[in-house]
Amino acid sequence: MNIQIFSRKKCFDSKKAERWFKERRIKIQLIDLVQKGLSPRELESIIRVCGMDELVNEKAEEYSLYKYLAGTDAKFEKLLENPELIKTPIVRNGNKATIGYRPDIWNTWS
């Protein structure tokens, strides 16, 4: 498994996800979403698997502006510009991805 966890430093679910993989001695690559962000290709692949609506953090400050954007292209660009709008943790394993704390799904990955 090649696990990447995109997280925020103060996200409780991100810390739980990190601990879940470490307890099972599964190597992870931890990426600070706020500091590094997502590349356009990474964002596309996550949206393809999870959907854009699932990815958006409705509690973020910028959400009030985001929800009025017209079209998926404008929303996509806003997510790239402002990673605070993205829910965490995002856990990727190749072409598979989850948003949030999802050990039920991670158990099926082998």
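Predicted model: local features only at pLDDT ≥ 70, side-chain atom pairs only at ≥ 80, totals over all residues.
Reader: Which residue in strand 3 is the bridge partner of Phe-6?

Author: The partner of Phe-6 is Ile-90. Toward strand 4, Val-91 stands opposite Thr-98.

Reader: How many residues lie between strand 3 and strand 4 in the hairpin?

Author: There are 2 residues between them, and Gly-94 in the turn has a positive phi of about 65 degrees.

Reader: Which way do the residues of strand 3 point, and are they buried or exposed?

Author: Ile-90 and Arg-92 point one way from strand 3 (residues 90-93), while Val-91 and Asn-93 point the other way. All of these are buried, Arg-92 and Asn-93 included.

Reader: Why does Ile-99 count as buried?

Author: Ile-99, which is found in strand 4, has 8% relative accessibility, and buried means under 20%, so Ile-99 counts as buried. In space, Ile-99 and Leu-55 are 6.9 Å apart, C-alpha to C-alpha, though 44 residues separate them in sequence.

Reader: Now the helix. How should I read which side of a helix is buried?

Author: An α-helix has 3.6 residues a turn, so residues three or four places apart point the same way. In helix 1 (residues 12-23), the buried residues are Ser-14, Ala-17, Trp-20 and Phe-21. They cover an arc of only 120 degrees around the axis, which puts them on the same side of helix 1.

Reader: Which exposed residues are on the face turned away from the buried side of helix 1?

Author: That face carries the exposed residues Phe-12, Lys-22 and Glu-23.

Reader: What length does helix 1 reach from its first C-alpha to its last?

Author: With 12 residues, helix 1 reaches 16 Å, close to the 16 Å expected at 1.5 Å a residue.

Reader: How is a pocket found, and what volume does the largest pocket have?

Author: Rolling a probe the size of a water molecule over the atoms shows where empty space is left. Here the largest pocket has a volume of about 150 Å³.

Reader: Which residues line the largest pocket, and how do they divide by class?

Author: The lining consists of Arg-8, Cys-11, Asn-57, Glu-58, Lys-59, Ala-60, Glu-84, Lys-87 and Thr-88.

Terms used
Residues numbered from 1 in each chain as written. Heavy atoms only, no water. 1 Å grid on protein atoms, 1.4 Å probe; cavity = no way out; pocket = protein on both sides within 12 Å on 5 of 7 lines; lining within 4 Å. Points joined across faces, edges and corners; volume = space filled by probe spheres on them. Buried < 20%, exposed > 50% of the residue type's maximum accessible area, 1.4 Å probe, protein only. Helix = DSSP H or I, 4+ residues; strand = E, 2+ residues; numbered from the N terminus. Pairing = 2+ DSSP bridges. Expected span 1.5 Å × (residues − 1). Arc of directions from axis to C-beta.
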